[in-house]
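Please look over the sequence and the structure shown here. A short report on the fold follows.

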Amino acid sequence: MTTRIDADYLVVGAGATGMAFTDSLLGHTEDRSTKVALVDRRQGVGGHWLEAYSFVRLHQSSSFYGVASTLLGGGRIQEHGPEAGLHERADQPTICAYYADVLDRMVSSGRVEHYPGCEYVGDGTFVSRVSGRRYEVPESCRIVDAHYLAPDIPAETPPYFAVADGARVIPVNDLVRIDHAPSEYVVVGSGKTATDAIVWLLGRGVDPDDVCWVRPREPWMLNRDRIQPEPEIFLGMVADLLSSAAAADSLDDYFLRLEDSGTMLRIDRSLTPTMAKGPTLGSWELELLRTISRVVRLGHLREVRPGRLEFAEGTINVAADALVVNCAADGLKNKPPVPIWRDSAITLQPVRAGFPCLGAAVTGYVEATRASDADKNAVCAPSPYGNTLTDWVQMTLLGTRNAGVLAAEPDIQAWLQRVPLNPARIPPGHDRSPALDDALDRIMSDTAPGLAGLARLAGVPPPTG
Ligand SMILES: Cc1cc2nc3c(=O)[nH]c(=O)nc-3n(C[C@H](O)[C@H](O)[C@H](O)COP(=O)(O)OP(=O)(O)OC[C@H]3O[C@@H](n4cnc5c(N)ncnc54)[C@H](O)[C@@H]3O)c2cc1C
């Protein structure tokens, strides 16, 4: 039997992007009878955070995450610990509780119905994984794809390498369940999850010499000190992104200039990274990561055998009881950008460089306030996530260009200045300072040469207009 439900929007994916879109749409649409059906194959809201490893935190300030109507973390500053003075970064239980609260409010408004544990199967139809019941929405209902760029996480992705009998391999989530210390840990991955795992192990007293780090690619990471909500800090960083692009004569030169300005970090200063996904890293984490001396760079891992790791470019021996911690999954997807509004769907993607929650929130706002799809696509274009250095530059170029287009719309600009998700805002009433004036002056003078430089570095035509 199929149940027909009454909805104007079917949002497929109740993770960060689906929640941010729904929140902005309902907060700004004039038609107060607009209804949203929120569907997810998971049993709750919050997306991948529901299955994340327990010691994960946002890699950047809580203010930049969540939905536009509700500040996550209250804008609090850390008072203790190695990041004292920086903004709080929510942990997994806080993020999940936040989304549960937001959902409660949405549902109690009477405008959102939540369908947990349901799989969207196309053609406006979804099926409960628990009861088998089928649901369908009317043809007029807009489908919102809120999972196009959803991350794969190690807990739900089988290892990309083979595991021979007798070899010990766990996903990063299982680290907290270890009850017998191995003589060696092998951490596999080059991204944020791997750095989190190593920091966690060292924080539990594991000797750095007992950690082997399989790091197929060297990453550039953003310096967390500079991705902070204070306008002087964030806009100062934007000014450096632009002036460095204008001056750089190659991709490597660009990232080295960003390192000199304190924006980018790399773990091993003797190597030139080839990966730039854009997570932020604290300087205290960098110090810890640099204590790992056994780093294996033999390409991708092919097979784990007891006492041996086989790579594309060679083989190494490890302890017979080595525990391999799989931290390698496609955390950020690199599918091609598609127009956000198409006949078939609204496909949520970042709009500014990175910042998926802001992108989805802006999309919800634009959906609520603009009439035609052509008008919506004209003011709200997608930007990809980073991966290679070229990808990162392209992301920065498109994100900066999109920021300019959005800022030219007075209502959007006014709204963006009120929304903490927007890292580039100057909150109403924020005091001017010489540092802020300097950042704004530099952005003013360096935007055109910076965009031209980014286009040159990305190998694409310079932006027009
Ligand atoms: C460990 C980690 C830390 C991160 N930290 C940050 C951070 O600090 N700041 C930041 O901006 N970004 C961060 N990210 C990036 C990440 O892209 C964002 O966190 C964001 O949550 C992604 O949201 P999403 O809605 O795209 O995906 P998800 O949160 O994965 O939500 C998509 C949902 O769609 C559902 N779904 C998919 N297909 C179907 C279907 N057919 N039917 C029903 N449901 C379906 C899935 O079950 C899932 O719940 C992090 C990512 C990871 C992995």
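## Sheet, helices and domains

An open sheet is built from four strands, in the order E1-E9-E8-E7, with mixed pairing. Strands (E, at least two residues) and helices (H or I, at least four) are DSSP runs, numbered from the N terminus. Two strands pair if DSSP finds at least two bridges between them. Strand E1 (2–4) and strand E7 (118–122) are the edges, each pairing on one side only. Neighbouring strands of the sheet are turned by 30° against each other on average, direction ignored.

Strands E8 (residues 125–128) and E9 (residues 134–136) pair in the antiparallel sense, over three bridges. Val 127 stands opposite Arg 134 in E9.

This is a predicted model: local features need pLDDT of at least 70, side-chain atom pairs count only at pLDDT 80 or more, and totals for chains, interfaces and linings use all residues. Residues are numbered from 1 along each chain as its sequence is written.

Now the helices. The axes of helix H9 (residues 389–407) and helix H11 (residues 434–458) come within 9 Å and cross at roughly 150°. Axes are lines fitted to C-alpha atoms, for helices over the stretch in contact, and angles run from 0 to 180 degrees between N-to-C directions.

The protein is divided into three parts, with bounds from an automatic or database domain assignment.

| Domain | Residues |
|---|---|
| domain 1 | residues 2–151 + 333–418 |
| domain 2 | residues 154–219 + 267–326 |
| domain 3 | residues 240–265 + 431–465 |

The C-alpha centres of domain 2 and domain 3 lie 34 Å apart.
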